[in-house]
Structures are given as C-alpha cells and as structure tokens.
Amino acid sequence: MEERPQHRLSRLPDNSALKQQELPAHRLYFTARRVLFVFFTTGIFCLCMGIILILSARSTQEIEINYTRICANCAKLRENASNFDKECTCSIPFYLSGKMMGNVYMYYKLYGFYQNLYRYVRSRSNRQLMGKDIKAVDDCAPFKMSNNKTPIIPCGAIANSMFNDTIILLHNINSSVQIKVPMLKSGLTWWTDKYVKFQNPSSKNLADEFRGTTKPPNWPKPIYDLDKKDPRNNGFLNDDFIVWMRAAAFPTFKKLYGQLNRTHHFIEGLPDGNCSLNITYNFPVTRFHGEKSVVLSTLTWCGGNSLFLGLAYTVTGAITWLASFAMMAIHIMLKNKKMSFFHQ
C-alpha cells in the first residue's frame, strides 16, 4: 500500500538551521606562525614559573631530626607488644643555626610505611566517622570487633595504626633557662575533613555516646579522651586523628603535628640556639625497617621546600622550547625547498 504524501511530509525534520544542519561552521586553521607562537609562549611561561617555584622553595627553612636510632632503647622496648603499658621517653638535643621567621610548622615523618595498600585504606567505616552510625563496622576487617564481640571505635586498620608519639619541643633562652615551645594542636586539617567527612555524634557527652564500644587494640586510650585540655578537639574531630586518616600516597611521607603559637618569646618565629626534643616513644617502626623523624619547617605561598613542582615546570618549559626550535627548523627547511621547487 502506497504511503500518503502528507504522511511522508510529517516525518521530515523541521526547516531550521539546527535540524537541517545549516549552522555556520568555522574550521580552525593553524598557520606555522601561530603554532610556533603558542609553543614559544608556553615554554616561556613554564620556564618562568619553574624558576619562581624553585627560588620560592629554596627560601624556606627546614631542619629534620631523625630519632629512630637515637631512641634505640625505646624502639627495642616497643618491639615486644607486652610492654604496651610501659612509658619510654628520650631527649634529643640539637642546635638551630638560624632563626626561623614567621609561622613554623612541626611534622612527623615516616620512612617505609605503606599507607596506600588497598586493604589498609579500605579498612574503615565512613558512616561511623561521620557520626551517623557509630556501630557500623562491617567494612573494618580485621579490626571491627574485640574478642568479646564489642564494636571497635574507631574501627579499621588505618585507625588502629595511628601515629601516637608525643613530641615536645624545648628551647634554651640562656644557659640555665629552658622553656617549652608552645604549639597549636588545632587548625591542622583540611576544611572538608573537619566539617564534612568527620563528625561526632550529636550527644554532648561523648563518653555516654560511645558506651558499649571499645578502643582499637593499639590505642592507649579511647577516642573520646584524646585531648583532655580541649573538649572540641575530641572524638572523631581530633585533629591528629583526622590528619592520620588521610592516607599518604608514598611510603615516605610527613604529616602535620603542630604549629608554632607565636606568643611571648616566639612572636617573630622560632629563635636560633640550643633546642631539644622530648619524645614519648610509642609508635614502633623497627619491625618493618622503617624510620621516624621530626621536621621543623617554614612555608611559602607555594608550600614547603619540595623542588618537584618547580623542576616539573622547568623541564616542561625546556622541552617545549626544544620542540619549538625543532618545528621552526623543519618549517624553514620545507619553505626553502618549496621556494626552490617553484624557481625551478
């Protein structure tokens, strides 16, 4: 049966520029001059940024004190798990040759600790950490229940292995007076971690809210008792806990431990002179042949003293410039060959 003409016409697309594919089109035409200009400009930009970043990184002041072997007696004590309740401290004197001006940050640095293992990173409960369901421990194997089937808070392998050395920095005002350097233990985390990813349960009394649960096996005290001086820095909102829970990508990493409180003798920064570190050694590293350090550093607008970003920009700029000169040479050769052909 032959189809009626009006039916065929009704199935035709609208007579518009879009549906009839009559929109104006523009085909980009890259001349050699434009391409070379873009490459040369990109190369100059990357080289300039690289030099600026390298100079900025070199302007930072940093000192690292490795205390793995200095605190060898404490390390040997911590190798035996039965000594978990025995406190061990060590003192490390050092000399600060130059004054560290401005804000000074204290980090702990670990060598050979792989926080990026898949099972390790996945062993956590985000619902628990957000305070929605503190007994949600299904994803926390092998640290989700104690031997008597009590839920662990915070659960998971990453929380159980939290760094728990206590580091106190002392500064000698003169030959006979030594004072404790004041350090801020708040404001160390990312804003999204502190106010989005980690939240305490609604109850004002955290001890009551966490009743019926137990602490991780490697922890000396429960989650609601991490900071007795500042109630706001307790539970899942503890800054040290949040910093540790953000897993590092590489086996050698450093994490923020504190920031200099610029008061009294430390208004301008950390003065030079004789200093010492009093460390309560709790975190064992000798079992996996790791090391531990304390890092004191200043920061610039682009971060610390890492040269990686500056070198990356510099290398990219140099490669772009080499590519620009190579393309320009090829373009001149082809142009000369074309001109000789026309003359012939």
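Author: A word on exposure comes first: a residue is called buried under 20% relative accessible area, exposed over 50%, and partly exposed in between, with a 1.4 Å probe and protein chains only. The model is predicted, and for that reason local features need pLDDT of at least 70 and side-chain atom pairs count only at pLDDT 80 or more, while totals for chains, interfaces and linings use all residues. Residues are numbered from 1 along each chain as its sequence is written, and side-chain values use heavy atoms, with hydrogens and water left out.

Let us begin with the aromatic rings. Rings of Phe, Tyr and Trp (for Trp, its six-membered ring) pair if their centres lie within 6.5 Å, and the planes make the pair stacked under 30 degrees, edge-to-face over 60, and tilted for the rest. A search of the whole structure finds 20 such aromatic pairs. One of them joins Phe113 and Phe283, a tilted pair with 5.8 Å from centre to centre and 50 degrees between the planes. This pair links distant parts of the chain, 170 residues apart, since Phe113 lies in the loop between β4 (105-111) and α4 (118-122) and Phe283 in the loop between β10 (273-280) and β11 (291-297); helices (H or I, at least four residues) and strands (E, at least two) are DSSP runs, numbered from the N terminus. Phe113 counts as buried at 11% relative accessibility, and Phe283 counts as buried at 5%.

A second pair is made by Phe210 and Tyr224, whose ring centres are 6.2 Å apart and whose planes are at 20 degrees, so the pair is stacked. Both residues lie in the loop between α8 (206-209) and α9 (239-245), 14 residues apart. Phe210 is buried, with a relative accessible area of 2%, whereas Tyr224 is partly exposed, with 32%. Returning to Phe113 and Phe283, we find them in one aromatic cluster whose members include Tyr108, Tyr120, Phe163 and Trp244.

The charged side chains come next. A salt bridge is a side-chain nitrogen of Lys or Arg within 4 Å of a carboxyl oxygen of Asp or Glu, and the structure holds 11 of them. In one, the side chains of Glu62 and Lys254 meet at 3.5 Å, N to O. Glu62 lies in strand β1 (residues 62-66) and Lys254 in strand β8 (residues 253-260), so this pair ties together parts that are 192 residues apart in sequence. Glu62 counts as partly exposed at 32% relative accessibility, and Lys254 counts as partly exposed at 35%.

Asp193 counts as buried at 4% relative accessibility, while Lys197 counts as partly exposed at 43%. Asp193 also forms a salt bridge with Arg246, where the closest N and O atoms are 3.0 Å apart. Since Arg246 lies in the loop between α9 and β8 and Asp193 in helix α7, the pair ties together parts that are 53 residues apart in sequence. Arg246 counts as partly exposed at 29% relative accessibility, and salt bridges that share partners join Asp193, Lys197 and Arg246 into one network.
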